[in-house]
Amino acid sequence: MLLVKQLENLGDIQGVMCNFEKAGDILAKHVHTENDVHITIVARGKIKAYSHDWEKEAVAGQLIDFRPGEPHEIMALEDGTRIFNIIKKYGGVSNDTQTV
């Protein structure tokens, strides 16, 4: 089971905390606009992030910087994994409806 919690609104920076209960839980494929910077920070556990032409693994303390406009999915590789997804709009407040 995946639990997602919206973080405090910080203007042009938005974020969510995602808790993956079990290894194999997935944050479904999604994409952010070409005007957004999107990084994922692994707080605990281990993840695999992937798209159509790549995959990366990251453990607690590491981050993944996604290319703009790139569809991607994230899977927990360990029980109890927690990540923070941070999105920053180039030049101002993000209108991105995909905050995960």
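This is a predicted model: local features need pLDDT of at least 70, side-chain atom pairs count only at pLDDT 80 or more; totals for chains, interfaces and linings use all residues.
Strands are taken here as DSSP runs of at least two residues, numbered from the N terminus, and by this assignment Ile74 lies in strand E8.

The protein chain contains nine strands and zero helices, so that, under the DSSP assignment used, its pattern along the sequence reads β-β-β-β-β-β-β-β-β. Of the 100 residues in the protein chain, 40% are buried, and the chain exposes about 5500 Å², of which carbon and sulfur atoms supply 53%. Among contacts between residues at least 6 apart in sequence, 66% join residues that are at least 24 apart.

Four of the strands form an open sheet in the order E3-E8-E5-E6, with antiparallel pairing. The edges of this sheet are strand E3, residues 26-30, and strand E6, residues 55-59, each of which pairs on one side only, and the twist from one strand to the next averages 15°. At one side of the sheet, E3 pairs with strand E8, residues 72-76, in the antiparallel sense over three bridges, and within this pairing Leu27 stands opposite Ile74. E8 is in turn joined to E5 by four bridges, the two strands running antiparallel, with Lys48 standing opposite Met75 of E8. E5 and E6 pair over five bridges, again in the antiparallel sense; Ala49 has Lys56 in E6 as its bridge partner, and a hairpin of four residues connects E5 to E6. Because four of the five residues of E5 are buried, this strand is largely enclosed by the rest of the structure.

The largest nonpolar core comprises 14 residues, and those with the most contacts inside it are Phe20, Ile47, Ile74 and Ile83. At least two residues of this core are supplied by each of strand E2 (13-20), strand E5 (46-50), strand E7 (63-66) and E8, with the largest share, three residues, coming from E2. Ile74 counts as buried because its relative accessibility is 0%, below the 20% limit applied to buried residues. When residues up to four places away in sequence are not counted, Ile74 touches Phe20, Asp25, Ile26, Leu27, Thr40, Ile47, Lys48, Ala49, Phe66, Ile83 and Asn85.

The side chain of Ser51 reaches the backbone oxygen of Pro71 at 2.6 Å, and, not counting residues up to four places away in sequence, Ser51 touches Glu70 and Pro71.

Notes:
Residues are numbered from 1 along each chain as its sequence is written. Side-chain values use heavy atoms; hydrogens and water are left out. Two strands pair if DSSP finds at least two bridges between them. Axes are lines fitted to C-alpha atoms, for helices over the stretch in contact, and angles run from 0 to 180 degrees between N-to-C directions. A nonpolar core is a set of buried Ala, Val, Leu, Ile, Met, Phe, Trp, Tyr and Cys residues joined through side-chain atoms within 4.5 Å. Buried means under 20% relative accessible area, exposed over 50%, partly exposed in between (1.4 Å probe, protein chains only). A polar contact is a pair of N or O atoms within 3.5 Å; within protein, one must be able to donate a hydrogen and the other to accept it, and residues adjacent in sequence count only if both atoms are side-chain atoms. Contact means heavy atoms within 4.5 Å. Accessible areas come from the Shrake-Rupley method with a 1.4 Å probe; for residues, only the protein chains shown count as cover.
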